[in-house]
Amino acid sequence: MKKLISVLLVLTGLALVANALRPARNPGEFDVVGFGRLPVLANGRIKPLDTIARSALLQFQGKQAVVTPDGRKPVPIEWLLDVCFRPDLADGYQVFEIVNPDVLALFELQASAGRDNKRFAFAQLTPKIAELEKQARMASQVESAVRTPFQSATVQLYGNLVHYQRLKYTLISSGRNNFLNELLALQDKLPAGIAAVRAKQAGQPHDEAAVNAMFEQGERFDTMARTANILVIPPPPGGPAEAWRTVGEALLETFRTGQVSPHALAYAGLAGAWQSRNAAQFNKIIELYRNGLEQRFASQLDKSGTEARFNQADPFTVSMYLYVLALLVAVTSWLIWPEALGRAAFALTGLAWTVATVGIATRMWLEGRPPVTNLYSSALFIGWGSVALCLALEYFFRNAIATAAAGVVGFATLIIAHHLSLGGDTLEMMRAVLDSNFWLATHVVVVTAGYSATFLAGFLAIIYVLRGTLTRSLDARTADSLTRMVYGIICFATLFSFTGTVLGGIWADQSWGRFWGWDPKENGALMIVIWNALILHARWDGLIRQRGLMNLAIGGNIITAWSWFGTNMLGVGLHSYGFTDAAFMALITFVVSQLAIIAVGSLPLTRWRSFAPKP
Amino acid sequence: MNSFLAPLRSFFTSLTLTVVLLALSLVLVFAATLDQVNLGIWAVQQKYFHSLFVLAKVGDIPVPVFPGGYLIGGLLLINLVAAHFYRFKLTWRKAGIQLTHLGFILLLVGELMSGLWQESYTMRIVEGQTINYSEHERDFELALIDTTDPKVDEVTAIPEALLRPDETIQSPRLPFRVVTRLHYPNAALARRSADSTAPATHPATAGIGPQVALTPLPVTYKDSERNLPAVCVELQSASGSLGTWLVSPYLDTPQSLQHEGKKWTLELRPKRAYKQFALKLHEVRHDVYPGTEIPKNFSSRVQLTTPDGGEDREVLIYMNNPLRYAGLTFYQHQMDAGKKTTGLLVVRNPSWQLPYISCALMTVGLTAQFLLHLAGFIRRRRATPAAA
């Protein structure tokens, strides 16, 4: 019976993974998946249109799901198609999240006018956009670290609206219902039109209507070129590989070459097919366009295709679910069927970790970088490292404690990572001083591993304290196992955080001319090393025993959280990336929670349920 | 003798002292990090780390409130060395820890030396320009230059620290005394019209001084801002005063005067360190990723030459790739590609290898210790049956 249940649990996990691995299917007749795989150059990197759609939605509203006023649920790439080709419809989709009451008041909107009381459509916001722009401009003159919530909210919302407008001009001139015909007509009438313009400039008799038409088109293309910042048109044959252009820039070339760029024509054709709901034509154009790109851009097509597949598989969400399942099974195993459920939990954790590994490896391949390149990837890696340590611990101790810790840490770090992904594309380019694969692979990975280990020791200690004070299950053997686990992990943490900090110093010496500069992030890492060393020395001195070790290890969580996030919030120093109120509140809440657990752990040992004298 | 030394020895070799010092250092580092928001990194270093005590102002009196970096670091050093002498025996099992501690001692000593002796200057070069000196980041000097001989300039430089009000400086190199009448550590200058009836804000009577209005500013601690001082000096020759002159780094061109047939110029400029070589800037590059403003690369292509012709080569300096020459290291520090100017950071740190050596020692030591423990742990696990 218990064997059957544990097998079923593992099969559930495998089913989740298999589901994620299914290739994407088109929701309707249009080959939107094929459209989503088309490569473009944005933010310095070649990526699929699918990523553009998903990161925009995450940025606007924190999630990828869209619900239209008539109840449809378009996938992100369908939403992007509407934004580009049917803007009047898209303006009615409620995708902009506004929760700050002062900002709502600025728009004279009630929260109830938004979907889920917080999502609003562009059409609802248009009447007061000028007012928002004014407020955002004033707010952006204030340093970001000291802005009030209202100021931060206006700047963020305005940025999102600008981004949205830019998307509209990315593929065609927004709002033109028959752009393809316009472009073809332009090509036909071009020689005559140019002759008319020349005649006018020479003061000769000319066709005024033709001249006006030329200038109008030129202006339209110019607006497109200046507004869009996604480079959609691949470089011409023989040009440098990075010379992608916006559609507007490519269309302006028409006046020089007499030919409309075939890529621009393709997108205009797609627009027409989408607008007239002609799926067959849409799919045909996609097929032809892709075949055309195969010749010179096969590797880019390959990479964007993989990235689109990666987006759709969403390995980290799958991993998150598996961690939760593993945690529940592990905790249950403490109560009944320890062997069978313990093994099932271990298998599920292993599965979750493997999925996360594949996810991280794919990101590394897509970016061409070592695993940790920004805050988001540091969260992923901390989770990965901690869980790896837990799997090793569980292999030796086999009491489902390390598995439970793995579930908690894995889940928590993936939640943190998700929140960090809301700022935009997480596969971002590295700034000049960070552009060194060697140091990213050594310093950043090692110091992040040190963070993982310190967190892991803290969470194992929390298990000790909670089990010891609230239950009778902390018997001598379990307490002993936990103590040795925590001690071992702290030794590991000392080694890695120290080595990582030192590597950082060497990198700084190569880059900035000094080994140590007392930068907040450097200080944060130093504090972790000092704390770990302090625990070890205090133990060797006999100043602390089991309970003291656990309480100090929980303290390590506070120090590491400060070093990981707190130092970024000060707004000074070389590592300062950004401050948000939500992050600050989360940090404070976390610190208070850890202090509370330490307080519980400091109760006299006779008050602990596990150590209380038995009646 | 023994009864006096014994408690002293046990205090300095005790592990409890180590734990206490580590705890104190943690608090110090945290407090310093928070204070950086107000004071900027350089001032925080002076206040918390390059000091014996952290001072807080009670009214007007600075009061020591917490041990500073030198005290804690020094005690840790003594604690470590003493413990090694009296307690540690040379065995394989402790070799890892001993190596680690040895490395740590070296690290502390190295940081102490850096704190005392490391100097950093910058070289700001415009494309096409050749420069053979570097400028200090913070200190200024009053440069009095005898320009009579068209082929040679004789420079007498007085550090700003000596220019205190009513202080007189007399030097055999100068035919006049320099008496400081006014000194502001940070000030702003503004043009003053010739017929302005507003009262003079400074005692300058000669040169450009009368056409300038001077406003003292509070000293700034922000890392992104600089303090630009202003000084008024009266030049008194044997035959009478040559006037009171206002000097400030704001003034682009030096002011000139003549005395006893010799031509002089004076200016307040960043303290210079002249070099035995020169750098000429050929090209600066500031590359961004296509379609973005994200910086991809900063680089300066310079020509390194010496007057005796011994060196004449082209060097490319970019992020993570400095130039090392003549005991100095040149880093790509700042750049204004629009103005075709590069800012190189020039660092002389004779003890720069110490952190590398000490970190190597500590890493080897910690790894050895860790592996030793891990091996023992695995052996013990194998000996006992696995937990059910």
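The model is predicted, so local features need pLDDT of at least 70 and side-chain atom pairs count only at pLDDT 80 or more, while totals for chains, interfaces and linings use all residues. Residues are numbered from 1 along each chain as its sequence is written, chains are lettered from A and ligands numbered from 1 in the order in which they are written, and side-chain values use heavy atoms, with hydrogens and water left out.

**Interface of chain A and chain B**

- The contact (heavy atoms within 4.5 Å) takes 55 residues from chain A and 54 residues from chain B.
- The two chains bury about 5,100 Å² between them, 69% of it on carbon and sulfur atoms. Buried area is the accessible area (1.4 Å probe) lost when two parts are put together, summed over both.
- On the side of chain A that touches chain B, α18 (375-397), α21 (476-512), α22 (520-540) and α23 (546-564) of chain A each supply at least two residues. Helices are DSSP runs of H or I with at least four residues, strands are E runs of at least two, and both are numbered from the N terminus.
- α21(A) gives the most to this side, with 15 residues.
- By class, this side has 34 nonpolar, 11 polar and 10 charged residues. Ala, Val, Leu, Ile, Met, Phe, Trp, Tyr, Cys and Pro count as nonpolar, Asp, Glu, Lys and Arg as charged, and the others, Gly among them, as polar.
- Five residue pairs, both at pLDDT 80 or more, are in polar contact across the interface. A polar contact is a pair of N or O atoms within 3.5 Å; within protein, one must be able to donate a hydrogen and the other to accept it, and residues adjacent in sequence count only if both atoms are side-chain atoms.

**Cavities**

- The whole structure has two cavities of 30 Å³ or more. On a 1 Å grid over the protein atoms alone, a cavity is a set of points where a 1.4 Å probe fits but cannot get out, and lining residues have an atom within 4 Å of a point.
- The largest cavity holds about 50 Å³ of space. A volume is the space filled by probe spheres set on the points, which are joined across faces, edges and corners.
- Its lining includes Phe316(A), Tyr323(A), Trp384(A) and Thr413(A). By class, the lining has seven nonpolar, three polar and no charged residues.
- The second largest cavity has a volume of about 30 Å³.
- Among its lining residues are Arg176(A), Asn177(A), Asn178(A) and Gln275(A). α14(A) gives the most to this lining, with four residues.

**Second largest pocket**

- About 1,200 Å³ of space lies in this pocket. A pocket is an open set with protein on both sides within 12 Å along at least five of seven lines.
- Of its 46 lining residues, the closest to the centre are Arg54(A), Gln64(A), Asn311(A), Gln312(A) and Asp314(A).
- α15(A) gives the most to the lining of the second largest pocket, with seven residues.
- This lining has 22 nonpolar, 13 polar and 11 charged residues.

**Salt bridges**

- Over all chains the count comes to 30 salt bridges. Each is a side-chain nitrogen of Lys or Arg within 4 Å of a carboxyl oxygen of Asp or Glu.
- One joins Asp91(A) and Lys168(A), with the closest N and O atoms 3.1 Å apart.
- That pair links distant parts of the chain, 77 residues apart. Asp91(A) sits in the loop between α5 (87-90) and β3 (94-97) of chain A, and Lys168(A) in helix α9 (residues 149-168) of chain A.
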